[in-house]
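Please read it alongside the sequence and the structure shown here.

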Amino acid sequence: MQHQRLLIQIEGAIIAAFAVALEYIPHTVGPSAIEVSFGIIPIVIYSLRRGAIPGMVSGLIWGLLDLILRGLGNGSVLNVWQGLLEFTIAFMVVGLAGILQRPIQASIQNHTKVKTMTLLWMAAFVGTFAKYFCHFLAGAVYWGSYAPKGMNAWLYSLTVNGGSFIASFILTGIVLCICLAMVPKLYLPKDMVLHVQSEK
């Protein structure tokens with residue numbers, strides 16, 4: 001049990017580092033500052049392997065690393081509360097995709113492909129929506145002064161963060177399904193024994 005816990009922690013730290021590395025890939029789309037977050041993908045996959053709590057811990061590590069390596073240096077932190085919301089909570093809640101861990105793993109073992117793909121898209125939605133909802137709140141409350149003149153701050157934040165959510169959600173869902181087709185065991189760690197009854 002202790003060995004498994006250590007393995008999960010090491011795996012989570014590696015995944016967080018990988019998520020940080022992916023964020024250095026150019027990911028701004030068009031002139032409207034819509035961003036695709038590649039780092040969401042490994043965090044969601046890890047959450048589906050290990051569960052919501054390990055996923056949230058890994059997401060938190062990702063957020064803290066992103067804060068130190070990018071956020072503080074490029075002026076993305078306006079104050080303590082905005083930094084807390086956008087670089088700890090927003091990154092951490094991506095791990096909530098792990099609430100679908102058990103249904104997805106059971107579906108893979110039962111070879112119900114359509115159901116599994118549906119659940120994977122749901123997991124992609126949960127992880128990306130949770131993250132960008134936090135950014136939406138921060139955008140309206142803390143970044144509202146950057147909205148175009150005459151445009152409501154909440155509408156501006158919804159436009160930018162809503163677009164980023166849709167782009168990140170679609171990319172994450174596609175990659176999750178590709179992983180299912182190519183390496184379904186990615187969602188089933190060898191050290192985790194599942195007792196799943198086959199569907200009748």
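Helix α2, residues 40-50, is mostly covered, with eleven of its eleven residues buried. Buried means under 20% relative accessible area, exposed means over 50%, and partly exposed lies in between (1.4 Å probe, protein chains only). The model is predicted: local features need pLDDT of at least 70, side-chain atom pairs count only at pLDDT 80 or more, and totals for chains, interfaces and linings use all residues. Residues are numbered from 1 along each chain as its sequence is written, and side-chain values use heavy atoms, with hydrogens and water left out.

- Helices (H or I, at least four residues) and strands (E, at least two) are DSSP runs, numbered from the N terminus.
- Gly51 follows α2 and has a positive phi, near 110°.

- Four salt bridges are found in a search of the whole structure; the criterion is a side-chain nitrogen of Lys or Arg within 4 Å of a carboxyl oxygen of Asp or Glu.
- Glu11 and Arg49 form a salt bridge in which the closest N and O atoms are 2.9 Å apart.
- Because Glu11 lies in helix α1 and Arg49 in helix α2, this pair ties together parts that are 38 residues apart in sequence.
- Both Glu11 and Arg49 are buried.

**Salt bridges involving Arg70**

- Glu23 forms a salt bridge with Arg70, with 3.9 Å between the closest N and O atoms.
- Glu23 lies in the loop between α1 and β1 (28-29) and Arg70 in helix α3, so the pair ties together parts that are 47 residues apart in sequence.
- Asp66 and Arg70 also meet through their side chains in a salt bridge, at 2.8 Å from N to O.
- Asp66 and Arg70 are separated by about one helical turn, because they are four residues apart in helix α3.
- Glu23 counts as buried because its relative accessibility is 6%, and Asp66 counts as buried at 2%.
- Arg70, at 21% relative accessibility, counts as partly exposed.
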